[in-house]
Amino acid sequence: MNSTRKIIHIDMDAFFAAVEQRDFPQYRNKPIIVGGAPHSRGVVATCSYEARKYGVHSAMPSAHAYRLCPQAIFVKPRFDAYQEASLAIRKIFADYTDLFEPLSLDEAYLDVSNASLHQGSATLIAKAIKAAIKRETQLIASAGVSYNKFLAKIASDINKPDGLYLITPEQGETFVEQLPVEKFHGIGKATSIKMHSLGIKTGKDLKELPLEMLQHYFGKAGLHYYSISRGIDNRPVNNYRIRKSVGVEITFQQDIKARQEVIAQLQDLMEKALSKVTEKQLVAHTLTVKIKYHDFVQITRSRTLPQTITAAAAIPAILEDLLKNTDIGRRNVRLLGITLSSLESKSGQAHFRQMDLFSDC
């Protein structure tokens, strides 16, 4: 285990809502919900801590959020403002290390193993970064400090908002043993339910299972679970990332049903997705269609082509083929999406790019 690394995870607190409250004083100290309108089919992008007290959280349908907190102020996202704030924050990161990996507009990993500022103390550097963010953007960040990404990410979630938490190499393995598996970053609801059914409720339970058994139950993820249950995570922090896919989707205000209308909507989404891919100087080989029916049942259909996917006349035929053995034309449709993946640069190399300032991966 590499215990010499010093990793910081910075996570902005209620980022979109905090920007709104900063820019509009009338929103301060009030429940703010950024996302879809309360009577629409939209969802909550994020919400202020005042709204969270009522049980509102990200990805919740806006209509449900309204029922929980009818006094909340619903605000449309202003992504230009969030990107501007994110850029300012990343400039602050660059003052402390050139080795930082943005995950989204509001969070990033920093490797400060070789930093000389603040006597090389990662905790003091994290404290300084938090102070600089507050001073220069009037926004609040939480920070987690540890010797790997997994523990730094978990640490940043402790004592939110405005938190700062350190997990040392000596504490790491014991800390993980006591951690409920649903608190593990990367273990979602379905996996945690499966783990509970197997008697795995804590990191200690996870650690007691042999690697072969974990791989049997969880496939390739078994090795990752085996490692993190021991406080081990050797993933590097780097500012290069593979862009894995480009996707667009639409949620309809009124369900649609007619097959030709569905195909027309998919073709429109296809054009938008292809435009994004072209802007990035990429080409794609895999097309995935996402369909969510009126009852929230969701399906996907994919096709990988030997040639690159273009706006050629063959696309409608591919879409028609992908819709075979679905209920399109028989069931109402709530949402449609198109994702293009298996990306390559136009020169034919698998796509690697330096992480840009505004991550939309």
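**Close-up views of a predicted model**

**View 1. Helices α6 and α7 cross each other.** In this predicted model, the axes of helix α6 (residues 149-156) and helix α7 (residues 169-178) come within 11 Å and cross at roughly 65°. That angle makes α6 roughly perpendicular to α7. The crossing of these two helices is left-handed. To find the place where they touch, look for Phe150, Leu151 and Ile154 on the α6 side, which meet Gly172, Phe175 and Val176 of α7. Sorted by class, this contact has 5 nonpolar residues, 1 polar residue and no charged residues.

**View 2. Five strands line up in an open sheet.** Here you can follow 5 strands in the order β5-β6-β1-β7-β8, with mixed pairing. β5 (100-104) and β8 (164-166) stand at the edges with a single partner strand each, so one side of each has no neighbour in the sheet. From one strand to the next, the twist averages 15°. Within this sheet, strand β7 (residues 141-146) and β8 run parallel and are joined by 3 bridges. A handy pair to pick out is valine 145 and its bridge partner in β8, leucine 166.

View 3. Helix α5 (residues 122-137) touches β1 (7-12), β6 (107-111), β7 and β8, and its direction makes about 170° with that of β7.

**View 4. Helices α1 and α4 meet in another crossing.** The axes of helix α1 (residues 15-23) and helix α4 (residues 79-94) come within 10 Å, crossing at roughly 100°. With this angle, α1 is roughly perpendicular to α4. From α1, the residues in contact are Phe15, Phe16, Val19, Glu20, Arg22 and Asp23. Their counterparts in α4 are Phe79, Ala81, Tyr82, Ala85, Ser86 and Ile89. By class, the contact between α1 and α4 has 8 nonpolar, 1 polar and 3 charged residues.

View 5. Strand β2 (residues 32-35) pairs with β3 in the antiparallel sense, over 3 bridges. One landmark here is isoleucine 33, whose bridge partner in β3 is cysteine 47.

**View 6. Alanine 284 sits in a loop between two strands.** This residue belongs to the loop between β11 (282-283) and β12 (286-293). Is alanine 284 buried or exposed? Its relative accessible area is 1%, and the cut-off for buried is under 20%, so alanine 284 counts as buried. Not counting residues up to four places away in sequence, alanine 284 touches Val277, Gln307, Thr308, Ile309, Leu340, Ser341, Ser342 and Leu343.

How values were computed:
Residues numbered from 1 in each chain as written. Predicted model: local features only at pLDDT ≥ 70, side-chain atom pairs only at ≥ 80, totals over all residues. Heavy atoms only, no water. Axes fitted to C-alpha atoms, helices over the stretch in contact; angles between N-to-C directions. Helix = DSSP H or I, 4+ residues; strand = E, 2+ residues; numbered from the N terminus. Parallel < 35°, antiparallel > 145°, perpendicular 65-115°, else oblique. Left-handed = near helix turned anticlockwise from the far one by under 90°. Contact = heavy atoms within 4.5 Å. Nonpolar A, V, L, I, M, F, W, Y, C, P; charged D, E, K, R; others polar. Pairing = 2+ DSSP bridges. Buried < 20%, exposed > 50% of the residue type's maximum accessible area, 1.4 Å probe, protein only.
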